[in-house]
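Please keep the structure open as you read.

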Amino acid sequence: MKKNMGNTDKAVRTLIALIIAALSYFEFITGIFGNILLVLAIILLVTSLINFCPLYKLLGINTCKTKNS
């Protein structure tokens with residue numbers, strides 16, 4: 001897997017994941033909707049940690065500033 005995410009993209013994804021986690025923890029979001037958002041938060045966090053987004057690959061998007069080797 002080649003990196004296709006830049007630092008700004010990673011930071012935004014991590015921030016969104018943390019906000020969703022906090023909203024869930026403090027029970028602002030609950031039920032099925034809360035569970036769906038938690039799964040989304042996990043996906044965002046994992047993709048930001050591995051610097052790769054499969055959806056970006058499908059759409060041909062690359063926000064990474066460095067050259068892929």
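1. Start with Thr 14. Set aside its neighbours within four places in sequence, and Thr 14 is in contact with Leu 45 and Ser 48. Keep in mind that this is a predicted model.

2. Look at Ser 48 again. Its side chain makes a polar contact with the side chain of Thr 14, at 3.2 Å.

3. The cut-off for buried is under 20%.

4. Now try a separation. Thr 14 and Asn 35 lie 21 residues apart in sequence. In space, their C-alpha atoms are 18 Å apart.

5. Step back to the helix. Thr 14 sits in α1, which runs over residues 7-25 and has 19 residues. From first C-alpha to last, α1 reaches 27 Å, close to the 27 Å expected at 1.5 Å a residue.

6. Which residues of α1 are buried? They are Asp 9, Arg 13, Ala 17, Ile 20 and Ser 24. These residues cover an arc of only 65° around the axis, so they lie on the same side of α1.

7. What does that side meet? The buried residues of α1 pack against α2 (31-50) and α3 (54-59).

8. The face of α1 turned away from its buried side carries exposed residues: Asn 7, Thr 8, Leu 15, Leu 18 and Tyr 25.

9. Finally, check the end of the helix. Just after α1, Glu 27 takes a positive phi of about 60°.

Definitions and conventions:
Residues numbered from 1 in each chain as written. Predicted model: local features only at pLDDT ≥ 70, side-chain atom pairs only at ≥ 80, totals over all residues. Heavy atoms only, no water. Helix = DSSP H or I, 4+ residues; strand = E, 2+ residues; numbered from the N terminus. Expected span 1.5 Å × (residues − 1). Buried < 20%, exposed > 50% of the residue type's maximum accessible area, 1.4 Å probe, protein only. Arc of directions from axis to C-beta. Contact = heavy atoms within 4.5 Å. Polar contact = N/O pair within 3.5 Å; in protein donor to acceptor, adjacent residues only side chain to side chain.
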